[in-house]
Amino acid sequence: MRRREFLAATAAAALPLHRLGRIGPVHSAGFVPPVRPFDLSAVRLLPGPFLDAMEVNRRFLLAQDPDRLLHMFRLTAGLPSIAEPLGGWEAPDNELRGHYTGHYLSALALMSASQGDSELKARGDRLVAELWKCQQALGGYGYLSAFPVEFFDRLRAGKPVWAPFYTLHKIMAGLLDMHTLAGNAQALDVLRGMASWVASWTQPLGDYDMARVLEREYGGMNEVLYNLAGVTGQDRWRDVAHRFDHERFFAPLSMGRDELKGLHANTNIPKVIGAARRYELTGELRYRRIAEYFWRQVTTQRAYCTGGTSNGEGWETEPGVLSTQLSGYTQEDCTTYNMLKLTRHVFGWTADPAAADYYERALFNGILGSQHPRDGEKLYYVSLASGLWKLFGTPTQDYWCCTGTMSEAFAKLGDSIYFQDDAGVYVNLFIASQLDWAARGVHLVQQTRFPEEEGTTLVVHAQRPVRFALRIRVPYWMGAEGTARLNGRALEGFAAPGGYYVLDRTWKDGDTVAVTLPMRLHLQALPDDPAMQAVMYGPLVLVGRLGTEGLTPGVLRAEPTKPRTVPEYKSEPVPAPAFTAPGTGPADWITRTTARSLEFRTTGQQRDVTLVPFHTLFDERYAVYWKITAA
Ligand SMILES: [Zn+2]
């Protein structure tokens, strides 16, 4: 969510625009991706770090007070509320107020589907019922928000306002999730009302005026309206969605041009997810080109070793230039969240193992460590500057955009572990879980302590013998050839890194496949500065522990956040040592300290450091990138 004044100024300065060309004819047939993710409700996590993280988030969600989340909705609708107002970006004078309530509905819906959790679903149902009352009290025309409709008048008139459609999108997406994932029919009614209001608001605006409106951050308005079209089968929502396709942003992407420099990252990623949905609904290849080109540029030219992207919330450089882009404000968490959403679509079209590799990289290094294990507070930025720390939010005082997206991310950790096509199943992530593949009468159990265990075991349960292809991802990071055993018997050969190990056979109940996926230490340099390198082990970014000097409780947590301000690091960074290394590889100067954990230590350096997986380090200073020169 944009926070810097200069970014707001940039958006305003981008006017005026050229008139937009009309898009060609729309095919009505739509497009069914050849590879499809399983429903969240078909996947259950088993004990391990991901289930632990989901439980922390569950407690975080239950600690929220629904009446406080409804407070400004009720007051806006003229209904009584005596709840204590929330702080941060949900404060009564904050122009984004209400956004977290939308994220919260999504998170409740996602987690109730992920865990079959009736308590979370009941809480979501109650919120929807209360929001319905607010919508009725607002005149029943469909408008629903925690701020008055006057904000949209300002938007239309080109007057200062933060991002009303951004906030509206979160509420609409939350309602859609409550409908599609938690079976709440009332949520669809409320959403239809809101969508009708959006249609009537946009209808009088010509293309020029609408293009000006789209210069203000609007989240994924196109995506949620395309999704509504998909759910209801009503083409009118597709037409309203198309008003939010940002042609000025899409045009260079459709021609394979990276003109992302100077743009705010998370303003734009959700638009591309909308483009992906348009392609899936209409079959128009242009929108697939936009999405795939954008995905490739960001994941290969603009992503750090963690899979994250953005610095100061923006893309400030030409493609491939990241050495100047290490700061305490790198990798806004929302961008990682949205890149993973986009990756899920790209994988569905291509079954490209590189997409699955990216997903794993960003999930382990970008998401998993972005929630404090004690109270579930979330990160805004993931610092990649040396000597800083993870600056978490303070309960009820921040409600950043990333508090919202991370509430959702940790509610759907079963997502994208498995995919299916007509021939079989893809195992993309190594996470202890079970898959209920009802269509084929198959129950697949994945047992693993990955990443501590360098491999995984899959057990097939089937009422009767069933033929399908079991495809296990063979990651890019493999350090030696993997092995596979079927029912204890060693199988010959293994797939190369960056592909799939495929077993296409008739499976019977109890069949067990065990694969080893040997990891190795490897270095990843910044693309434009080969001396600046991060240390990785398998998929994991290892960070150097730099101590806790000056990190009092007040320094570790962000101050209550004012509108458009950035959480401040209230202690100076400490310097990180440089390393000299023999050119023979990191295993010659970094050693594992114990076989029981993934802790490593440098050797022979002027100042040696201990390295641990990024997602396991909290409340301590760290470094990700090091200056490493040849010995
Ligand atoms: Zn954010």
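Let's start with a sheet: seven strands make up an open one, ordered β2-β7-β8-β9-β14-β11-β12, and the pairing is antiparallel. Its edge strands are β2 (43-45) and β12 (489-490), each of which pairs on one side only. Two strands are said to pair if DSSP finds at least two bridges between them. The names come from DSSP runs as well, numbered from the N terminus: helices are H or I runs of at least four residues, and strands are E runs of at least two.

Before going on, a word on the model. It is a predicted one, where local features need pLDDT of at least 70 and side-chain atom pairs count only at pLDDT 80 or more, while totals for chains, interfaces and linings use all residues. Residues are numbered from 1 along each chain as its sequence is written, and side-chain values use heavy atoms, with hydrogens and water left out.

Back in that sheet, look at β11 (residues 483-486) and β14 (residues 512-516), which run antiparallel and are joined by four bridges. If you want a landmark, find Arg485, whose bridge partner in β14 is Ala514. In the loop between β11 and β12 sits Asn487, which has a positive phi of about 50° although it is not a glycine. With 41% relative accessibility, Asn487 counts as partly exposed; the scale here calls a residue buried under 20% relative accessible area, exposed over 50% and partly exposed in between, using a 1.4 Å probe and protein chains only. Elsewhere, the loop between β8 (442-447) and β9 (455-462) holds Pro451. A cis peptide bond joins Phe450 to Pro451, with omega about 5°.

Then β10 pairs with β13 (residues 499-507) in the antiparallel sense over nine bridges, and Arg467 faces Thr506 in β13. How buried is β10? Eight of the nine residues of this strand (residues 466-474) are buried, so the rest of the structure largely encloses it.

Next come a couple of helices. Helix α8 (residues 185-202) has 18 residues and reaches 26 Å from its first C-alpha to its last, close to the 26 Å expected at 1.5 Å a residue; the expected span is 1.5 Å times one less than the number of residues. Its buried residues include Trp197 and Trp201, and the buried residues of α8 pack against α5 (118-137), α6 (150-157), α7, α9 (207-213), α10 and α11 (235-242). Helix α3 (residues 66-76) is largely enclosed by the rest of the structure, because eight of its eleven residues are buried. Among them are Arg68, His71 and Arg74, and the cover over the buried residues of α3 includes α4, α5 and α7.

What about open space? The largest pocket has a volume of about 1300 Å³. It is lined by 40 residues, with Asp177, Glu223, Asn227, Arg344 and His345 nearest its centre. A pocket here is an open set of points on a 1 Å grid over the protein atoms alone, where a 1.4 Å probe fits, with protein on both sides within 12 Å along at least five of seven lines; lining residues have an atom within 4 Å of a point. The volume is the space filled by probe spheres set on the points, which are joined across faces, edges and corners. The lining divides into 17 nonpolar, eleven polar and twelve charged residues. Among the elements that each supply at least two lining residues are α7 (164-180), α10 (221-232) and α15 (333-350).

Finally, two loops. Ala351 lies between α15 and α16 (353-367), with a phi near 50°, a positive value in a residue other than glycine. Gln371, in the loop between α16 and α17, is buried at 4% relative accessibility. Leaving aside neighbours within four places in sequence, Gln371 is in contact (heavy atoms within 4.5 Å) with residues including Ala53, Phe392 and Phe618.

Notes
Ala, Val, Leu, Ile, Met, Phe, Trp, Tyr, Cys and Pro count as nonpolar, Asp, Glu, Lys and Arg as charged, and the others, Gly among them, as polar.
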